[in-house]
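Hi everyone, thanks for making time this morning.

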Amino acid sequence: MQKALRRQPWTCSRCLRRQQRFNSTAAGIAVADDNTFTPPQLHASSSGNSGENALLREVFNQRTFSQTSSTQRSGLIGNTFLTLPQGFQKFAEVAVIQCKRLVERTLAASTPEQYRAIPKDLDRLSDLLCRVIDLSDFIRSIHPSDDVAASASASYSLMFQYMNELNTTTGLNQQLKRAWDMPEVQSQWSEEEKMVAVLLMRDFAKSGIHLPDNQRRQFVSLSNDIVQLGTDFINQMSHARDWESFTVGQLDGIDPTLVQGYKNHEKVQIPVSSKWSKMVLGSAKNPATRKEMYIAERSAAKKTITTLEKLLLRRAQLAKLTGFDNFAQMTLIEKMAKTPEAVNNFLESVNANNKIHVQKELAPLLELKRKMDQGAEELNPWDHHYLLAKLDQLEGAAGPRTSKSRLRESAKFYFAIGHVMQGLSSLFESLYGVRFVPRETKQGEVWHPDVRRLDVYTDKQEHIATMYCDLFSRPGKQSHPAHFTLLCSREISDEEVRECAERNEPLNNGMPTLVSTNPTSGVTSHHQIPIIALVCGFPQSSAAGEPALLSQYSLVSLFHEMGHAIHSVLGRTSMQGISGTRVATDFSELPSVLMENFATDPAVLKLFARHWKTDAPMPEEMLQILAEEGSKEASRQGAWNNESQILMSILDQVYHGDGPVQALRSGRYDSTAVYYDVWNKHGSVPEPWGTSWQGFFGHLHGYGASYYSYLFDTAIARRVWTNVFRSGRDSGAIDRASGERFKEEVLKWGGGRDPWLCLEGLLGEGKGVLAEGGEEAMLEVGRWGVGVGAESD
């Protein structure tokens with residue numbers, strides 16, 4: 001998951017999305033050492049890629065591996081301000097001073113030459129804000145030192161105070177519009193400058209900066225309410241009941257030891273939303289017992305529902321205030337979809353395609369239910385988990401199945417974390433000509449001893465990105481994998497280079513910079529390179545000397561996050577506002593979802609899957625079983641899972657459509673009635689009365705009106721995997737030509753090109769439908785489907 005959610009200041013879409021989150025060297029020759037290849041000064045004696053691969057495995061497999069210099073010191077991630085906790089304050093203060101200079105220059109622009117500079121100046125302004133906000137936000141949530149976390153929070157708050165000032169600076173929007181309306185100015189802008197100008201004007205409009213003062217104050221008040229209600233919705237999320245009570249007889253089929261352990265007098269108290277409640281749904285023979293637990297699992301507390309409904313009403317009110325029909329229309333205007341109608345077309349198309357497969361999956365379950373209950377005519381939602389478990393039991397009786405099960409369980413010994421990281425490096429080198437090189441860190445550079453630094457090099461030995469990998473679990477640390485871009489790529493202006501040299505200050509706050517020379521013109525340019533943090537919560541092995549071993553699920557999760565990382569690495573643009581993953585929300589998950597396909601491809605596994613202890617390669621039989629297992633699981637319940645995502649996406653659109661706008665008259669919106677209507681109208685199995693699952697739909701907070709994005713990118717990724725990487729056939733998953741094609745049409749652009757044009761170049765087949773975008777293009781992607789198994793490719 002790429003960690004970036006939306007908030008409300010005037011500029012920088014990525015910065016704007018983070019408030020609602022989960023609650024180099026100097027100029028010139030001094031920089032050259034950072035962008036030319038230097039062998040990592042660790043404990044490797046081998047040379048070449050084989051030595052780097054061995055070092056990668058060692059760095060991550062040995063937790064006690066020393067990767068920190070004993071003599072050299074640095075600020076956090078190389079930032080010269082951050083050698084001490086109080087450095088965050090200075091970092092923010094200096095950034096604000098630089099921001100104010102840019103604001104003054106923009107407001108004073110009066111000549112065509114001065115107006116031509118506005119997109120780059122505002123992009124630089126955005127970069128100054130983001131580099132403080134993104135790093136401070138990240139460090140305050142992950143650093144183990146309370147002093148450092150508190151200092152990071154203070155700098156975060158200081159920058160937001162300044163951003164609130166910018167919210168009232170209407171002249172920035174007016175000056176940008178004037179520049180846009182001057183033909184002699186706009187004609188001199190690059191395509192990237194035009195793209196940034198459009199995005200900034202759109203963000204200005206969405207921030208309500210054009211409104212009269214009284215409406216503007218109302219906008220700010222509503223925006224603050226929305227942020228607070230969203231936070232409350234997430235933090236206060238709870239079930240209507242914490243326990244369900246059953247008699248011993250009602251729990252027939254459950255392990256008697258468990259039943260006795262939870263028995264209180266004559267009743268057995270089963271905690272809701274626990275592994276025990278899941279056991280009831282999967283093993284209890286009594287359908288009434290399973291129904292009762294199903295309803296309890298999917299029933300949110302009234303307070304949670306009330307908060308959600310207030311949030312939906314405030315969003316509707318905000319949309320009307322800014323001139324939109326509803327919140328979905330307001331949100332989607334900046335997405336690939338553009339309109340709610342286009343999203344609905346896509347979802348209807350995907351749902352129709354998926355329904356066929358749902359019925360195929362449910363048929364054997366209904367047949368099994370009829371064998372167990374002669375009068376059964378339909379499946380209920382509380383039957384699904386139970387009947388799937390029964391099917392597994394019936395199939396598990398065969399001997400060969402047991403052999404396959406043992407092979408699957410032993411697969412983790414071939415997925416040592418160091419081997420997987422080496423495999424990802426080898427894969428990216430095969431596809432894109434870039435690789436990971438472990439680099440010694442300086443004292444103070446990282447926030448925890450577990451953090452490893454990888455520098456990303458091209459096959460031309462250029463240092464183009466740095467990635468800090470914090471992969472292991474520890475108390476107080478988030479467990480779910482996430483990718484953070486701490487610093488975006490952008491071209492550094494000659495003016496900035498001169499100013500730093502004059503002040504004898506390091507360029508880019510001391511963080512790595514790439515220097516390149518145009519072979520034709522001889523002109524030297526400087527780029528700040530992206531700095532990425534990859535955070536996971538993989539458990540360390542308790543066995544002495546054994547590295548962290550990944551399950552297949554964790555393997556796929558790591559590949560997913562690396563999809564975001566490679567987008568950040570290769571999406572190098574001259575403007576930071578459109579670099580890397582700074583793309584439309586409904587395009588941002590494409591590289592990461594696509595990467596999941598590589599995780600169990602046999603050709604990719606052969607790059608790294610070796611037994612951590614014996615170094616034996618993964619047996620061919622195991623490679624085949626892993627490839628088949630995913631297809632089998634998908635064909636058994638893939639369409640069922642897809643339908644759940646489709647229903648959630650439809651519900652999200654309805655919640656942000658005209659309903660809440662109409663409810664503004666009465667001030668009451670019945671989200672539960674709407675939830676039932678969507679589930680029973682579009683789903684394959686009716687939802688029982690008494691549930692209120694929408695109270696657990698946390699993505700309504702950060703992805704309001706855009707939850708469809710994951711399905712949308714899944715459909716595109718499936719098409720790319722099939723048409724570009726040949727579904728892995730004939731070594732398509734490690735084919736350089738396929739990788740270059742994806743890089744040239746998608747990855748390298750970041751957000752600097754219309755995503756529909758990227759898709760047209762990659763998948764359009766000359767038809768032009770994708771290039772046009774809009775409703776027909778969305779419908780076309782819907783027709784591709786999201787897949788349920790090998791037979792649906």
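Let me start with a question: in the hairpin of E11 and E12, which residue takes a positive phi? It is Gly-522, with phi near 80°, and the hairpin has six residues between the strands. Before I go on, a word on the ground rules: this is a predicted model, where local features need pLDDT of at least 70, side-chain atom pairs count only at pLDDT 80 or more, and totals for chains, interfaces and linings use all residues. Residues are numbered from 1 along each chain as its sequence is written, and side-chain values use heavy atoms, leaving out hydrogens and water.

Strand E11 (residues 513–517) and strand E12 (residues 524–528) pair in the antiparallel sense over five bridges. Thr-513 stands opposite Gln-528 in E12. Strands here are DSSP E runs of at least two residues, helices are H or I runs of at least four, both numbered from the N terminus, and two strands pair if DSSP finds at least two bridges between them.

Now, the second largest pocket. It holds about 930 Å³ of space. Of its 36 lining residues, the closest to the centre are Arg-124, Arg-490, Ser-493, Glu-496 and Glu-499. On terms: using a 1 Å grid over the protein atoms alone, a pocket is an open set of points with protein on both sides within 12 Å along at least five of seven lines, a cavity is a set where a 1.4 Å probe fits but cannot get out, and lining residues have an atom within 4 Å of a point.

Which helix gives the largest share of that lining? H4 does, with eight residues. Because domain 1 (76–210) and domain 4 (421–549 + 566–589) both give residues to the lining, the pocket lies between them. By class, you'll find 13 nonpolar, seven polar and 16 charged residues there.

The largest has a volume of about 60 Å³, and its lining includes Arg-719, Glu-765 and Trp-784.

For Cys-758, the nearest cysteine sulfur is that of Cys-488, 17 Å away. Cys-758 is buried at 1% relative accessibility, and Cys-130 is buried at 2%, where buried means under 20% relative accessible area with a 1.4 Å probe and protein chains only.

Thanks, all!

Definitions and conventions
Grid points are joined across faces, edges and corners, and a volume is the space filled by probe spheres set on the points. Ala, Val, Leu, Ile, Met, Phe, Trp, Tyr, Cys and Pro count as nonpolar, Asp, Glu, Lys and Arg as charged, and the others, Gly among them, as polar. Domain bounds come from an automatic or database domain assignment. Buried means under 20% relative accessible area, exposed over 50%, partly exposed in between (1.4 Å probe, protein chains only). A disulfide is a pair of cysteine sulfur atoms within 2.5 Å.
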